[in-house]
Amino acid sequence: MDEESNNNNMDAKQQQMDQLRALLLGEENQQITGTVKKHAREIVGDVFSEALHDRQEKDGSVDQVIIPLVEKSVERSVSNHSEKMVGYLYPLMGRLIRKSVSAFLTEFLEKTNELIENSLTIKGLKWRFRAWQAGVSFSQYVASQTFVYKVEQILLIHRETGILLKSVSQGHGAADADMVSGMLTAIDDFVSDSFNAESENEQQHLDVIKTDDFSLVLKRGPQAVIVAAVTGNMPQEIANQLELTLEFAHRIYDKELASFKGDTLPFEPLEQQLKECLLEELRPEENKANKQPWFAWLIVLFVCSLSVTYGYFWWNQNELKIAIEAIKNEPGFVLNDVDKSGLTKVKVTLLRDPSALSVDDWLLENDISKDNLDIEEKRYLSLAPELLKLRLTKLLADYPELTVIWEDNLPVLTGELPNAKRQALSSKLLALPGLNEPLNVMSLVEVEELDNRGENNPAILKALLELNIAKVDSIQLEFDQGQSGLSDLAKEQLKMLANNFQTVVDLADKQNLSLGLIIMGASDPVGGREYNQRLSRDRARAAQKVLVEQGVDPGYLNAIGLGIVESKTTGKGVRKVLFNVVYFDSD
Amino acid sequence: MIQKKVCLLGATGVGKTSLVKQFVEGIFSEKYLTSIGVKVDKRIVDLASEQVQLMLWDIEGIDRYCGFQPKYLRGASAYIIVTDQTRSQSLIEGLEIHHQCREVTDVPAILAINKSDLDVAWHWSENELNGYSQEFEKCFTTSAKTGQQVNSMFEFIAELLYY
Ligand SMILES: Nc1nc2c(ncn2[C@@H]2O[C@H](COP(=O)(O)OP(=O)(O)OP(=O)(O)O)[C@@H](O)[C@H]2O)c(=O)[nH]1
Ligand SMILES: [Mg+2]
């Protein structure tokens with residue numbers, strides 16, 4: 001209501017204005033309007049934008065007038081000049097579409113990238129670093145470095161479900177290949193829907209998806225899609241191979257593909273066929289004529305001179321180390337450790353036998369300067385034959401009566417010594433380090449006094465008797481399990497025993513003593529008690545027999561079987577023959 | 001091993017992506033990132049004597065900006081219509097999608113009434129819901145947040161498809 005009365009008001013005012021204008025301007029009305037019209041363009045032009053703005057601000061009426069106008073003209077332009085309009089809009093639309101597609105693809109590509117990167121080996125680490133240096137992506141670097149091209153992975157996908165039927169890859173398999181397959185199928189669906197080509201029967205599909213890093217090559221059959229992930233520049237060869245393989249799969253697995261219910265097992269045997277698609281071509285080794293920048297050469301020079309200086313020291317130190325290491329071949333030395341210390345010094349820790357050469361003498365002998373050496377010396381006793389010789393020579397200086405014969409580094413002494421001196425020597429020999437059987441060494445040393453005084457001195461006779469009895473008693477024969485036969489060693493021992501026993505018999509005669517030798521067989525508990533009783537006696541008798549053969553009067557001998565004898569300490573059975581000499585006064 | 005393709009469909013924001021994430025990774029996030037295109041995920045389901053690998057196609061929410069793409073359904077062995085019990089409209093849209101699906105496929109369809117951890121805020125009565133459920137193989141009241149009925153729904157599907 002308000003607005004209407006307002007409008008009426010305005011109309012009334014307008015009429016009044018017109019009347020006023022007619023009154024004022026009269027006949028010149030025409031002329032004045034003419035002048036105004038003449039400058040109208042100028043006047044309106046000056047305030048046009050401002051006026052539009054003010055009016056829009058005031059009641060928004062400008063929109064109402066202009067929008068239908070613009071819409072109409074755009075409509076006309078689009079229908080008349082559609083080509084041109086598409087040209088204008090394409091860059092904008094293209095960007096929008098690309099954006100949504102790329103969001104769609106990103107995750108998929110990440111997966112695939114992972115797939116490819118994972119399939120590369122450890123040397124990849126080095127390349128990764130180089131790629132980072134060169135500022136290119138890893139896969140790109142790998143592709144450019146190694147291969148003209150390389151098929152990293154082959155996927156055979158059931159077309160309808162997008163389920164991965166079988167995949168093969170260079171190196172180890174990729175766990176996510178089945179997800180990638182699904183997404184690839186989804187992308188393909190998306191593309192064929194979104195970029196529908198004009199002609200109905202020719203749908204658009206993805207043939208190659210190219211990224212900076214790799215290409216995915218797709219070949220479609222009626223039931224399955226084969227996809228190759230390729231790095232590098234792919235030759236036609238791959239496409240052909242893919243087609244062949246795809247045809248093969250369709251031919252052989254026609255029924256399985258058509259009735260596919262999600263079971264991929266029947267497609268396992270395709271592995272070989274798919275593997276044939278894993279083609280690659282190694283980049284031939286190129287000789288790159290590189291221009292090295294001059295400062296790099298400077299650095300190289302600096303590094304070189306540094307390493308030459310360092311190398312000189314290093315070499316010297318090494319020589320010294322090798323020279324000093326030779327000390328370990330010197331008898332009486334044990335080299336514990338040789339180590340470089342600092343730039344020039346060599347630290348040595350060694351053991352030296354007191355009878356050996358002194359370190360200083362050795363250095364002098366070998367012409368090695370002590371300057372750069374840091375030697376720590378500890379004492380020890382060497383068992384080396386050379387040192388034994390030294391020690392023995394020193395010891396024998398006190399026994400001019402004796403001569404030494406060396407047999408294979410084993411000394412044998414010959415000569416005659418009074419008993420006391422002989423005893424003293426034998427205890428010294430026992431204390432001599434490195435001598436294996438000290439008493440054997442002396443076996444050829446005769447005791448001088450024995451013959452002279454033995455007959456007369458009952459005490460000595462008694463002692464000698466005891467000594468020889470001990471020798472006999474100490475002999476033990478060993479037997480194999482269940483055996484009573486004598487080994488060669490046992491026969492040898494019995495020979496010696498026969499000798500010793502003869503001595504004992506002689507000595508006993510001299511002292512009017514009666515003698516007996518008890519031969520005791522023993523056995524371990526294996527087998528019955530009775531069996532062992534017999535076995536032990538057989539052993540004793542076998543020994544007895546040999547002794548008789550060796551000339552021992554059987555009257556002295558008494559073979560008995562002890563049966564089972566077990567050592568209380570070790571718990572082991574005793575498979576032996578033992579000897580015991582018994583004597584008593586004849587009267 | 002048997003593999004089966006299963007699609008998740010429904011209006012935007014009803015929780016399709018969240019359901020898959022809960023089932024596959026066992027995690028839930030309050031953050032909402034609307035899906036574009038399709039994301040394929042997988043999980044092996046152990047049945048009594050066998051295993052089935054479900055290939056889960058999480059399809060972008062269908063609304064007036066983004067129409068139904070029947071191609072994504074190709075080769076699917078089953079599909080899930082996901083609705084959000086805090087939005088009445090989500091069921092109407094879900095049913096509409098279901099009918100569109102029925103034009104191209106007759107594989108089993110499952111109805112998921114999601115966000116069960118939140119208070120019911122739609123005006124559908126028990127009776128109405130029961131009526132709509134008749135059109136589906138089975139109806140589950142799920143929560144991607146607490147995991148309620150999520151595993152049982154996918155296990156039910158795996159079993160249904162295997163036997
Ligand atoms: N409380 C609660 N929130 C949920 C549940 N499921 C999903 N949401 C939330 O709902 C929002 C949307 O979830 P999405 O899973 O992204 O939904 P969508 O269906 O995939 O959406 P579009 O991809 O856009 O179609 C997110 O913020 C989730 O955190 C649920 O069960 N309970
Ligand atoms: Mg989503």
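Two residues are taken to be in contact when their C-beta atoms, placed from the backbone, lie within 7 Å. In this predicted model, 19 residues of chain A are in contact with 19 residues of chain B. On the side of chain A that touches chain B, helix H4 (82-118) and helix H7 (177-194) each supply at least two residues. The largest share of that side comes from H7(A), with eight residues. Sorted by class, the side of chain A that touches chain B comprises seven nonpolar, six polar and six charged residues.

The largest nonpolar core contains 81 residues, of which B:Val6, B:Trp57 and B:Tyr79 touch the most other members. When neighbours within four places in sequence are left aside, B:Val6 is in contact with B:Leu54, B:Met55, B:Leu56, B:Trp57, B:Ala76, B:Ser77, B:Ala78, B:Tyr79, B:Ile80 and B:Ile157. Another core, of 28 residues, lies apart from the largest one; A:Ala542, A:Ala543, A:Leu547 and A:Phe579 are among its members.

Chain A also holds an open sheet of three strands, in the order S7-S8-S9 and with mixed pairing. Its edge strands are S7 (333-341) and S9 (373-379) of chain A, each of which pairs on one side only. From one strand to the next, the twist averages 15 degrees. Strand S7(A) and strand S8 (residues 345-352) of chain A run antiparallel and are joined by eight bridges. Within this pairing, A:Lys340 has A:Val346 of S8(A) as its bridge partner.

Definitions and conventions. Residues numbered from 1 in each chain as written. Chains lettered and ligands numbered in written order. Predicted model: local features only at pLDDT ≥ 70, side-chain atom pairs only at ≥ 80, totals over all residues. Core = buried A, V, L, I, M, F, W, Y, C linked by C-beta atoms within 7 Å. Buried ≥ 20, exposed ≤ 12 C-beta atoms within 10 Å, placed from the backbone. Pairing = 2+ DSSP bridges. Helix = DSSP H or I, 4+ residues; strand = E, 2+ residues; numbered from the N terminus. Axes fitted to C-alpha atoms, helices over the stretch in contact; angles between N-to-C directions. Nonpolar A, V, L, I, M, F, W, Y, C, P; charged D, E, K, R; others polar.
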